[in-house]
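Subject: Handing over a structure, with notes

Dear colleague,

I am passing on the structure below, and I would be grateful if you would look through it with my notes beside you. The notes follow the model itself.

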Amino acid sequence: SLTLPGTEPGTAYGKPTVKLPNGRGFVFSGHEPDTSFVAWVDAGLRDILMETEPETYWQSPHYRGTTAILIRFDSADPDRVRHVIRCAHETVGAQKPPRPRKRKT
């Protein structure tokens with residue numbers, strides 16, 4: 001992921017992530033770091049991946065209702081995983097930067 005244009009390592013919620021210049025992460029270590037990582041894709045791609053290859057692409061209850069998809073590390077098709085990462089890069093790269101968070105005083 002860090003070989004894609006404009007990417008840099010970062011953290012989100014204390015976990016490693018790969019970020020874009022817009023400040024958004026597109027792949028990161030999620031709640032299942034021993035088996036999977038998370039990518040943000042569009043809903044249509046998420047649904048197709050989970051339907052066609054559920055042994056690799058899935059969602060835990062934590063991510064249901066979002067466009068995040070979990071990708072198992074032991075995928076039998078690393079080329080397709082790389083394609084999904086590129087799709088996440090494009091999807092998140094097209095988004096506006098996140099709004100600044102208000103600091104609690």
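Strand β4 (residues 36-40) and strand β6 (residues 68-72) pair in the antiparallel sense over five bridges, and within this pairing S36 stands opposite R72 in β6. Two strands are said to pair if DSSP finds at least two bridges between them, while helices (H or I, at least four residues) and strands (E, at least two) are DSSP runs, numbered from the N terminus.

Before going further, please keep in mind that this is a predicted model, in which local features need pLDDT of at least 70 and side-chain atom pairs count only at pLDDT 80 or more, whereas totals for chains, interfaces and linings use all residues. Residues are numbered from 1 along each chain as its sequence is written, and side-chain values use heavy atoms, with hydrogens and water left out.

The sheet

The pairing of β4 with β6 belongs to an open sheet of six strands, with antiparallel pairing and the order β1-β2-β3-β4-β6-β5. Its edge strands are β1 (8-12) and β5 (57-58), each of which pairs on one side only. As background, strands of a sheet pair through backbone hydrogen bonds, either parallel or antiparallel.

At one end of that order, β1 and β2 pair in the antiparallel sense over five bridges, with V18 in β2 as the bridge partner of P9 and with A12 opposite K15 in β2. The two strands form a hairpin with two residues between them. Y13 lies in the loop between β1 and β2 and has a positive phi of about 55° although it is not a glycine. Y13 is exposed, because its relative accessible area is 73%, where buried means under 20% relative accessible area, exposed over 50%, and partly exposed in between (1.4 Å probe, protein chains only). G14 lies in the loop between β1 and β2 as well, and at 71% relative accessibility G14 also counts as exposed. The C-alpha atoms of G14 and S29 are separated by 9.6 Å, although these residues are 15 residues apart along the chain.

Next in the order, β2 and β3 pair in the antiparallel sense over three bridges and form a hairpin with five residues between them, where G23 in the turn has a positive phi of about 85°. T17 lies in strand β2, stands opposite F28 in β3, and counts as buried because its relative accessibility is 6%. Leaving aside its neighbours within four places in sequence, T17 is in contact (heavy atoms within 4.5 Å) with residues including P9, T11, G25 and F28.

In the loop between β3 and β4 lies P33, which is partly exposed, with a relative accessible area of 42%. Its C-alpha atom is separated by 10 Å from that of I71, which is 38 residues away along the chain.

The helices

Helix α1 (residues 43-52) lies across β5 and β6, running at about 35° to β6; here axes are lines fitted to C-alpha atoms, for helices over the stretch in contact, and angles run from 0 to 180 degrees between N-to-C directions.

Helix α2 (residues 78-93) has 16 residues, which at 1.5 Å a residue should span 22 Å, and this agrees with its end C-alpha atoms, which are 22 Å apart; the expected span is 1.5 Å times one less than the number of residues. The buried residues of α2 are V81, V84, I85, C87, A88, H89 and V92, and these pack against β3 (25-28), β4, α1, β5 and β6.

The largest pocket

About 600 Å³ of space lies in the largest pocket. Of the 25 residues that line this pocket, the closest to its centre are A12, Y13, G25, W40 and R101. β1, β2 (15-19), β3 and α2 each supply at least two residues of the lining, and β2 gives the most, with three residues. A pocket here is found on a 1 Å grid over the protein atoms alone, as an open set of points where a 1.4 Å probe fits, with protein on both sides within 12 Å along at least five of seven lines, and lining residues have an atom within 4 Å of a point. Grid points are joined across faces, edges and corners, and the volume is the space filled by probe spheres set on the points.

With best wishes
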